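Hi,

Here is the structure I said I would pass on to you. Have a look at it first, and then read on for what turned up.

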Amino acid sequence: MVAPALRVMEVHARGYRRTWRSNVVTTFLNPVLFLLAMGMGLGTLVDRGGGPAALAGGDYLAFLAPGLLAATAMQTAAGDASFPVMAGMKWMKTYHAALATPVSARDLAHGLLAWTTVRLLMTTAVFTIVMAIFGALSLPRGLLAILPATLTGMAFAAPIAAYASGLENDYGLSSMFRFVIVPLFLFSGTFFPIGQLPDWIEPLAYLTPSWHGVELTRATALGTAPAWPAAVHVAYLVLWLAVGTVAVGRGFSRRLVR
Amino acid sequence: MSDPLAPGPGAGHLVAEPAVIEARGLVKRFGDLTAVDGVDFAVAPGEAFGFLGPNGAGKSSTMRMIGAVSPVTAGHLRVLGRDPATEGDVIRARLGVVPQEDTLDTELTVEENLLIYGRYFDLPRAVIRERTDELLAFVQLTDRRRSRVEPLSGGMKRRLTIARSLINQPELLLLDEPTTGLDPQARHLVWDRLYRLKQRGVTLVVTTHYMDEAEQLCDRLVVMDQARIVAEGSPRELIAAHVSREVLELRFSPDEQQEAVARLDGLAKRVEPLPDRVLVYTDDADRAAAEVTERGLLPTSVVVRRATLEDVFLRLTGRSLVE
């Protein structure tokens, strides 16, 4: 007897086995391109200037790599927690098929989150190894960073899946990527410390789970102290995940059980 | 496994159970809209039971309540002896559902669709694989086993949906408009498979707005209109109770119809003028046709046919089933 949510997770995994090739480009190629362009191209300039001092002594590539890991986890989670929800509810209506079995709407929601967690662990692990090959991360410490990066992704996956479950079409998703995910990708301390931001914007960054995630992941990968106590970063990410998990269960039930 | 399509071991309990489905005063409301307004019915084990009615009559809402996916607003409902409100998952484990729209995963193959569906029921993979062989043979999709679902024809998708609904060897199969949108050949194939399932003891509940489907499939049916049940019985009983055995259909040129109808007075039990033709309900349509001629009327066309459920519906509601 396997818990229904885990069966849902298994079904996602089976689907992924068939479709992973089509999203391997966005999952891996894009971050690697960022790493090459920013880390190695731009990084050379940064390191020649006053960079190392502002980056607490390290070189730019080492600063960038863990940030990119956390930001990639966020982006992957945003994609995995949104479009499949639209497909399940509207495009293919596979969620409706699942509901005719002993599986409940809550099981569907929690199974999706469980699968997203597994997928983030796999994605961040592969990305970490790729970055280590480029010399951007040092192993084995870099592998530890998989955990905070995955937590960062989940802090987004849960609320985003809840949001997606309330949408009638995918315009809301395009807007989310354009106006939320992309700005967070750029301005959460991934590419430069948020201290470089105008003073009035800086506190806004503290509100985003992505800044906490980037800080935590970077500190883990580099073995340095994060901006705030690690427990605070973790707690803030867990809060988003917990609230999102409750919301997604309710969202799925409200939408699917009528 | 001797007969993979027969209901699972739970079916034995049915002997002791008076009804597979029992509904009394069943109500479904969505906000201000009352989709189902206090309906009563019972379905016996092994029966093929139908809900006949036009779109929006409340058939699908009733089906979704029976399927334990839509909460009952008011009234009493028991499915397989259990309350959908508290034991929905137990009920669903023993049900097969063929929804109105195909809900297949079109990115996956035919067999993968059966596999993931079987996993939702927590069936072991070996069992699913074995049943997949048998079910695909049953719906004549064996040679499509490894095809992706997306390019399949509507009839094939429908058959796959039926195969999928049987993966858990259900005792009760719910079919919401199983052949809507299919061509005649595909419809007959679906009907044939459903008939075989019935022969094996599966209880069938079907909604349809096709009277020929209801006549083909159903031992007993209820006619629904505007959220209520307006008649109940076997197709034959309904015809006998509400209309005559035969119908004479007469067409006149449009400007002559009104006058002609006046002259048909007293010809039969009932004369029903429609916009494009006149229906004469009689037990002997040939006799009535002869009398039409004797009265000196010259219709442009004369058709003698048996009365159908369409006539019953028209009689009860004044409207056609398919509008």
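This is a predicted model: local features need pLDDT of at least 70, side-chain atom pairs count only at pLDDT 80 or more; totals for chains, interfaces and linings use all residues.

Now zoom out to chain B as a whole. Its C-alpha trace spans about 75 × 45 × 40 Å along the principal axes, and the chain holds 11 helices and 13 strands. Chain B is divided into domain 1 (9-239) and domain 2 (244-306). How far apart are the C-alpha centres of these two domains of chain B? They lie 40 Å apart. Of the 323 residues in chain B, 45% are buried. As for contacts in chain B between residues at least 6 apart in sequence, 70% of them join residues at least 24 apart.

Next, the nonpolar core. The largest one has 158 residues, and the members that touch the most others are A:Ala65, A:Ala161, B:Leu174, B:Leu204 and B:Val205. Which element gives the most to this core? That would be helix 3 (residues 60-80) of chain A, with 14 residues. On the chain B side, domain 1 (9-239) and domain 2 (244-306) each supply at least three residues to this core. As a bit of background, nonpolar side chains tend to be buried together in soluble globular proteins.

Leaving aside its neighbours within four places in sequence, B:Val205 is in contact with B:Ile21, B:Val43, B:Phe49, B:Ile66, B:Leu172, B:Leu174 and B:Leu175. One of those partners, B:Leu174, is also on the list of core members that touch the most others.

Then there is the place where the two chains meet. Here 23 residues of chain A are in contact with 22 residues of chain B. On the chain A side, the elements that give two or more residues are helix 1 (4-48) and helix 5 (94-99) of chain A. Helix 1 of chain A provides the largest share of that side, seven residues. What kinds of residue make up the side of chain A that touches chain B? They divide into 11 nonpolar, six polar and six charged.

Finally, a few backbone details to look up. In chain A, a cis peptide bond joins A:Leu139 and A:Pro140, with omega about 0°. A:Pro140 sits in the loop between helix 6 (105-133) and helix 7 (141-144) of chain A.

In chain B, B:Asp122 has phi near 65°, a positive value in a residue other than glycine. You'll find B:Asp122 in the loop between helix 3 (110-120) and helix 4 (125-138) of chain B. Is B:Asp122 buried or partly exposed? B:Asp122 counts as partly exposed, because 17 other C-beta atoms lie within 10 Å, and being buried takes 20 or more.

B:Gln226 also has a positive phi, near 45°, and is likewise a residue other than glycine. This one is in the loop between strand 8 (220-225) and strand 9 (228-233) of chain B. B:Gln226 has 13 C-beta neighbours inside 10 Å, so it counts as partly exposed.

Cheers

Conventions
Residues are numbered from 1 along each chain as its sequence is written. Chains are lettered from A and ligands numbered from 1 in the order in which they are written. A nonpolar core is a set of buried Ala, Val, Leu, Ile, Met, Phe, Trp, Tyr and Cys residues joined through C-beta atoms within 7 Å. A residue is buried if 20 or more other C-beta atoms lie within 10 Å of its own, exposed if 12 or fewer, and partly exposed in between; C-beta atoms are placed from the backbone. Helices (H or I, at least four residues) and strands (E, at least two) are DSSP runs, numbered from the N terminus. Domain bounds come from an automatic or database domain assignment. Two residues are in contact if their C-beta atoms, placed from the backbone, lie within 7 Å. Ala, Val, Leu, Ile, Met, Phe, Trp, Tyr, Cys and Pro count as nonpolar, Asp, Glu, Lys and Arg as charged, and the others, Gly among them, as polar.
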